[in-house]
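Hi,

Here is the structure I promised to send over. Have a look at it first, and then read on for what turned up when I went through it.

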Amino acid sequence: MSTWIARHVQALLGALGRLARMPLATVLTVVVIGVALAIPVALALVVQNARVATGDFRNAIDFTVHFKLGTPLARAEQLARKLRQRPGIDTVIVTPAAQALQEFRRNSGFGEALAALQDNPLPHHLLVRPLPEHSTPTEVESLRRYLTAWPEVDIVQLDSDWVRRFNAILDVLRRGLWGGMVVLGLGVLAVVGNTIRLEIQNRRAEIEVTKLVGGSNAFVRRPFLYTGVLYGLGGAGLAALLIWGGVEYLGQSVAALATQYGSKFSLAGLTWRDTGTLVAIGAILGWFGALISTGRHLRRIEPRA
Amino acid sequence: MISFDNVSKRYPNRREALSNVSFSIGAGEMVFLTGRSGAGKSTVLKLIALLERPTRGTVMVNGTNTGTLPSRKIPAFRRQIGVVFQDHKLLMDRPVYDNVALPLIVADTPLREIDKRVRASLDQVGLRDKERALPSELSVGEQQRVGIARAVITKPRILIADEPTGNLDPELAMEIMRVFKRFQEVGVAVLVASHDTHLIDQFGQREIVLDDGTLLSAGIAVSGEPFRISATAPPMPELPNIEARR
């Protein structure tokens with residue numbers, strides 16, 4: 001057993017030594033693998049972060065209920081009180097027409113033009129926010145129908161339609177991401193496989209001698225498999241670093257942007273578990289690429305006298 | 001230890017390198033395989049080392065029929081045979097020690113045992129003080145001795161050599177042949193392919209002569225008795241349990 005372990009350690013150190021002896025080629029290969037691994041992981045993080053960000057919005061599916069012009073404020077407040085009694089309602093805020101006009105005047109920049117109006121063209125309106133646990137599409141639709149049925153109501157506007165569309169787009173992206181992962185994973189296999197093929201060609205004489213003195217295919221294959229694993233580990237490590245750097249670089253700007261929208265959202269990077277998974281996937285891809293390559297090319301090399 | 005029974009070998013280029021060749025070599029025998037270039041000497045060695053398989057006939061090496069041995073068992077088979085080449089086939093970027101240790105490393109031999117046997121092997125060929133040198137730092141004769149040390153480190157019962165003195169001056173050639181003779185004296189079957197008739201004459205060993213792929217003579221045994229071909233070869237010793245050794 002100790003001999004077996006010693007042989008593996010020897011093969012690992014030998015593979016490390018060979019990679020260190022050709023630093024430029026090693027770095028280039030690792031960079032290609034790293035980028036190929038970083039692209040799908042970065043996309044996955046974008047989708048995940050976007051989901052989290054819009055998750056805040058999902059919890060705030062707001063209705064704006066515009067009353068018909070001429071509806072008395074007292075009636076609007078009465079309906080608001082009635083609405084608060086309904087199960088599944090979080091908040092109901094009444095905005096009188098006068099206040100709405102004042103806010104519009106302040107925020108729109110049309111203050112002087114609005115001053116020329118004799119009457120307030122804006123109606124009273126309610127801002128209705130259902131509880132998050134009562135925000136399923138069925139319940140939201142039910143609430144919309146309930147509000148529309150009031151004779152005093154002119155328009156019921158559901159402010160979260162765009163969130164729903166955005167989430168649908170994220171779903172499409174998420175599905176596309178799997179395809180992208182498979183394609184880029186195949187790319188990593190090809191890069192490792194081709195690099196190992198070249199190394200096998202460079203070491204043809206050594207392989208021949210090793211087989212001549214009784215080295216089995218498994219023995220000859222061993223250092224190449226370690227080389228593949230090291231490439232995979234290096235590439236995955238680089239990918240993790242690129243992602244970490246990207247999250248650090250964008251994190252503050254994204255948080256500042258979220259604050260502008262009243263959100264506490266902050267960009268999430270890779271967890272330790274995610275990083276571990278990425279590194280394991282890198283190592284497995286490297287090993288598998290080397291296995292395919294050695295399987296194809298080592299068998300063709302037989303010793304010659 | 002080695003027997004050829006009506007062995008023919010035809011290469012993919014249709015050339016018949018050997019035609020119905022039969023001979024036997026017993027344990028502790030030293031035999032020269034001679035003939036002009038293209039006579040089939042290298043093909044005989046390739047068939048013994050299982051670098052090629054016979055087209056017809058039976059090659060038995062150490063009790064193993066090489067024609068029917070499954071491919072997966074070839075590495076273990078090769079570990080039982082020491083092979084020395086004219087061009088040494090050394091790993092030029094590895095020190096002498098690593099070159100000599102290679103057959104034991106591929107057999108997963110414990111490191112302590114490797115250390116002991118590498119030093120013993122280098123002692124046998126007089127290169128104990130060169131173990132850290134690279135092959136390129138050695139003379140041609142020393143490189144050949146490294147090749148011999150590597151060939152004998154697994155304590156093979158058969159040692160074959162393809163023109164081992166081809167590039168050496170007469171004095172060095174004689175020195176290398178004396179090394180082979182020492183292994184023969186401890187019971188190893190030694191087969192040396194050579195066309196150096198002067199050297200062969202000096203040793204007075206049995207000669208197997210090939211010409212254009214056919215056997216001209218299977219030689220005379222050292223005892224002086226005419227060596228009878230194939231059927232009367234000495235009985236084969238039991239094949240060591242390869243799997244157990246691994």
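What share of the contacts in chain B with a separation of 6 or more comes from residues 24 or more positions apart? The figure is 69%. Before you read anything else into that, please keep in mind that this is a predicted model.

**Chain B in outline**

Chain B is built with 8 helices and 10 strands. Of its 246 residues, 54% are buried.

The largest nonpolar core has 45 residues, and the members that touch the most others are B:Val100, B:Val118, B:Ile148, B:Leu159, B:Met177, B:Phe180 and B:Val192. Several elements give two or more residues to this core, among them strand S3 (30-34), helix H4 (111-124), strand S7 (158-162) and helix H6 (170-185) of chain B. The top contributor is H3(B), with 8 residues. There is also a second, separate core of 35 residues, including B:Phe23 and B:Phe77. As a general point, nonpolar side chains tend to be buried together in soluble globular proteins.

Setting aside neighbours within four places in sequence, its contacts include B:Val84, B:Val152, B:Phe180, B:Phe183 and B:Leu191.

Beyond the neighbours within four places in sequence, B:Gln144 is in contact with B:Val84, B:Phe85, B:Gln86, B:His88, B:Pro164, B:Leu168 and B:Ile176.

**Where the two chains meet**

On the chain B side, 19 residues are in contact with 21 residues of chain A. Together the chains bury about 1800 Å², with 64% of that on carbon and sulfur atoms. B:Arg78, B:Val106 and B:Asp108 supply 27% of the area that chain B buries against chain A, which is more than any other three residues.

There are 2 salt bridges between chain B and chain A. In a salt bridge between A:Glu206 and B:Arg94, the closest N and O atoms are 2.6 Å apart.

A:Ser216 takes part in the contacts as well: leaving out residues up to four places away in sequence, it touches B:Pro75 and B:Arg79. You will find A:Ser216 in the loop between helix H8 (204-212) and helix H9 (217-260) of chain A. With a relative accessible area of 16%, A:Ser216 is buried. Its C-alpha atom is separated by 33 Å from that of A:Gly276, 60 residues apart along the chain.

**Salt bridges**

Over all chains, the structure holds 26 salt bridges. One of them pairs A:Glu199 with A:Arg18, at 3.5 Å from N to O. A:Glu199 lies in helix H7 (residues 161-202) and A:Arg18 in helix H1 (residues 2-21) of chain A, so this pair ties together parts that are 181 residues apart in sequence. Both A:Glu199 and A:Arg18 are buried.

In chain B, B:Glu16 forms a salt bridge with B:Arg56, with the closest N and O atoms 3.7 Å apart. Here strand S2 (residues 16-25) holds B:Glu16 and strand S4 (residues 56-61) holds B:Arg56, so the pair ties together parts that are 40 residues apart in sequence. B:Glu16 is partly exposed, at 27% relative accessibility, and B:Arg56 is partly exposed at 42%.

B:Glu131 and B:Arg128 form a salt bridge as well, at 3.3 Å between the closest N and O atoms. B:Glu131 is buried, with a relative accessible area of 9%, whereas B:Arg128 is partly exposed at 36%. Through shared partners, salt bridges also join A:Arg18, A:Glu199, A:Arg203, A:Glu206, B:Asp93 and B:Arg94 into one network.

**One helix in chain A**

Last stop: helix H4 (residues 97-108) of chain A. Which residues of H4(A) are buried? They are A:Ala97, A:Ala100 and A:Leu101. These three cover an arc of only 100 degrees around the axis, which puts them on the same side of H4(A). On the other side of H4(A), A:Ala98, A:Arg106 and A:Asn107 are exposed. The buried residues of H4(A) pack against strand S2 (89-95), helix H5 (111-115) and strand S3 (125-130) of chain A.

Cheers

Notes. Residues numbered from 1 in each chain as written. Chains lettered and ligands numbered in written order. Predicted model: local features only at pLDDT ≥ 70, side-chain atom pairs only at ≥ 80, totals over all residues. Heavy atoms only, no water. Buried < 20%, exposed > 50% of the residue type's maximum accessible area, 1.4 Å probe, protein only. Helix = DSSP H or I, 4+ residues; strand = E, 2+ residues; numbered from the N terminus. Arc of directions from axis to C-beta. Contact = heavy atoms within 4.5 Å. Core = buried A, V, L, I, M, F, W, Y, C linked by side-chain atoms within 4.5 Å. Buried area = accessible area lost by both parts, 1.4 Å probe. Salt bridge = Lys/Arg side-chain N within 4 Å of Asp/Glu carboxyl O.
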